[in-house]
Amino acid sequence: MGRYKLGNAAVGASRMCLANGIRYAKDRKAFGKSIADFGLIKEKLAECAVGTFVGEALTYRTSG
């Protein structure tokens, strides 16, 4: 039972980290524009989002 709870907690923490990362990327400025406009930052945030969604799907499948 603990493994199910740990998976859900990790997905929740990952969502929070993704939201904080997006907010930071929008607020942080470099070279006169937001770093969220740079391609590499977009790619990193997308990889984080994919990992979060995969973890969420795994926890739903496992607990189902």
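**View 1. I22 in helix α1.** I22 sits in helix α1, which spans residues 2-27. The model is predicted. With a relative accessibility of 33%, I22 is classed as partly exposed, because that class lies between the 20% and 50% cut-offs. A36 is 14 residues away from I22 along the chain. The C-alpha atoms of I22 and A36 are 7.6 Å apart. I22 is also one of the α1 residues that make the contact with α2.

**View 2. The crossing of α1 and α2.** Two packed helices are described by the angle between their axes and the distance between those axes. Helix α2 covers residues 39-63. The axes of α1 and α2 come within 9 Å. They cross at roughly 160°. α1 is therefore roughly antiparallel to α2, since angles over 145 degrees fall in that class. The crossing of α1 past α2 is left-handed.

**View 3. Residues at the contact between α1 and α2.** From α1, the contact is made by Y4, G7, N8, V11, S14, R15, L18, G21, I22 and A25. From α2, it is made by I41, L45, C48, A49, T52, G55, E56, T59 and T62. Sorted by class, the contact of α1 with α2 holds nine nonpolar, eight polar and two charged residues.

**View 4. The salt bridge of E56 and R15.** The count of salt bridges comes to one. Its partners are the side chains of E56 and R15, with an N to O distance of 2.7 Å. This pair qualifies because 2.7 Å is within the 4 Å cut-off. The pair links distant parts of the chain. E56 belongs to helix α2 and R15 to helix α1, 41 residues apart. Which of the classes, buried or partly exposed, applies to E56, and which to R15? E56 is buried, at a relative accessible area of 15%, because the cut-off for that class is under 20%. R15 is partly exposed, at a relative accessible area of 44%. Both E56 and R15 are listed among the residues that make the contact between α1 and α2.

**View 5. T52 and its surroundings.** T52 is a residue of helix α2. Its relative accessibility is 4%, so T52 counts as buried. Which residues does T52 touch, leaving out those up to four places away in sequence? T52 touches V11, S14, R15 and L18. V11, S14, R15 and L18 are listed on the α1 side of the contact, and T52 on the α2 side. R15, one of the residues touched by T52, is also the salt-bridge partner of E56.

Definitions and conventions:
Residues numbered from 1 in each chain as written. Predicted model: local features only at pLDDT ≥ 70, side-chain atom pairs only at ≥ 80, totals over all residues. Heavy atoms only, no water. Helix = DSSP H or I, 4+ residues; strand = E, 2+ residues; numbered from the N terminus. Buried < 20%, exposed > 50% of the residue type's maximum accessible area, 1.4 Å probe, protein only. Axes fitted to C-alpha atoms, helices over the stretch in contact; angles between N-to-C directions. Parallel < 35°, antiparallel > 145°, perpendicular 65-115°, else oblique. Left-handed = near helix turned anticlockwise from the far one by under 90°. Contact = heavy atoms within 4.5 Å. Nonpolar A, V, L, I, M, F, W, Y, C, P; charged D, E, K, R; others polar.
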